[in-house]
Amino acid sequence: MNKRGRKTDQFGVDLRTKLGPLELDNPVMTAAGTSGHGAELAAFFDLSELGAVVVKSVSAFPWPGNPGPRLTPIPGGMLNSVGLAGPGMEGWLKEYLPGLRRRRIKTIVSIWGRTVEEYARASELLATELDGIVALEVNVSCPNLKAKSEIFSHSVEATRAVIEAVQPVGIPIFAKLSPNTHLVAEVAEAALDAGASGVTLINTVLGMSIDPLTAELELGGGGGGLSGRAIRPIALRAVYELKKRIPEIVIIGVGGISTGRDALAMILAGASAIQVGTATFSDPKAPMRILGELSELCERLGIARLSDVVGYAPKGMKITPAVETLSDMKAED
Ligand code: DHB
């Protein structure tokens, strides 16, 4: 605590963030699907020190996912088509939730479904075991489902219906949206209208890889979702434009963040919290490292309370660090 009784980190920066009704000690989370079903990353650092951990999307039923290969590296990132493999909500509650609870990890559960009813069922099953779970993230944007459904968040009405259907869960809800549509703002509005506390932006970008020597698709599922540094400008722009259009919206920014500077840029674009995903594959400690880098960066830039600078860029506001600080930091680039 500092003199004013605020919770601060080692650099004396107040990193707390408010996501509608959800208050977190700091804005750094893991991204769904990139840190396992439960506390798998606990071998690398204390997961309870993150703002929250978002677990891999769970459905109401066990699901085998797509055939391999499921991942392929791409310059600046990777393509994946895991196909939402998972143990199903009942299995997940038994197998993974106890480890998260034991470690006092603030857990956000991501859910998916092929129909509105399947989303409702997943949230109903979760609602029986809410201890330790701070929010629900609704993955309405998986690119790898070959079902009757299109990507839900490409449709205003489908998104509204899913968010309405999971409302009874009674914890804050965040809709994870796709960047692969021109309707991001309309879909976000529908999600808020239907009772979401905010949106997570962006999910992976639709992509594909083809072996030029054989014409074979390089992922077993056909197409895939592109993630990693390559998509950072796409994510940044999506967040900036949404925050500019709806200044009061709560956004969790995600896409290609691998340093504290990336995280701060996303916060300045309009994100009240950020998620770290693909960076974790090459550096399992990345979320914790980024949290440290972010707070050190704030300290050097004279940002005493991080929440003050959320959305500075779309508001046209500037940070004004000391001239020497700025030139030192530029030299470090
Ligand atoms: C999967 C789900 C996603 O939401 C995503 O962006 C990429 C992959 C999957 O499990 O296939």
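The model is predicted, so local features need pLDDT of at least 70 and side-chain atom pairs count only at pLDDT 80 or more, while totals for chains, interfaces and linings use all residues. Residues are numbered from 1 along each chain as its sequence is written, and side-chain values use heavy atoms, with hydrogens and water left out.

**Ligand site**

- The ligand takes up the space of the largest pocket. A pocket here is an open set of points on a 1 Å grid over the protein atoms alone, where a 1.4 Å probe fits, with protein on both sides within 12 Å along at least five of seven lines. A molecule sits in one if more than half of its atoms lie within 2 Å of its grid points.
- Around the ligand you'll find K56, N80, S81, V82, G83, L84, N139, C142, P143, N144, N203 and T204 (a residue is near if one of its heavy atoms lies within 4 Å).
- By type, that shell has four nonpolar residues, seven polar and one charged. Ala, Val, Leu, Ile, Met, Phe, Trp, Tyr, Cys and Pro count as nonpolar, Asp, Glu, Lys and Arg as charged, and the others, Gly among them, as polar.

- A polar backbone atom of G83 sits 2.5 Å from a ligand oxygen.
- For T204, a polar side-chain atom is 2.7 Å from an oxygen of the ligand.
- N139 has a side-chain N or O atom 3.1 Å from a ligand oxygen.
- On its own the ligand exposes 290 Å², and the protein buries 90% of that (Shrake-Rupley, 1.4 Å probe).

**The sheet**

- Eight strands form an open sheet with parallel pairing, in the order β3-β14-β13-β10-β9-β8-β7-β4. Strands are DSSP runs of E, at least two residues, and helices are H or I runs of at least four, numbered from the N terminus; two strands pair if DSSP finds at least two bridges.
- At the edges are β3 (28–30) and β4 (53–54), each pairing on one side only.
- β13 (251–254) and β14 (273–276) run parallel and share three bridges, with G253 opposite I274 in β14.

- Most residues other than glycine have a negative phi, and most peptide bonds are trans.
- G68 and P69 are joined by a cis peptide bond, omega about -10°; P69 is in the loop between β4 and β5 (71–74).
- L201 to I202 is also cis, with omega near 15°, and I202 falls in the loop between β10 (198–201) and β11 (205–207).
- L84 has a positive phi, near 65°, in the loop between β6 (77–80) and α1 (88–95).

Terms used
A polar contact is a pair of N or O atoms within 3.5 Å; within protein, one must be able to donate a hydrogen and the other to accept it, and residues adjacent in sequence count only if both atoms are side-chain atoms. On a 1 Å grid over the protein atoms alone, a cavity is a set of points where a 1.4 Å probe fits but cannot get out, and a pocket is an open set with protein on both sides within 12 Å along at least five of seven lines; lining residues have an atom within 4 Å of a point.
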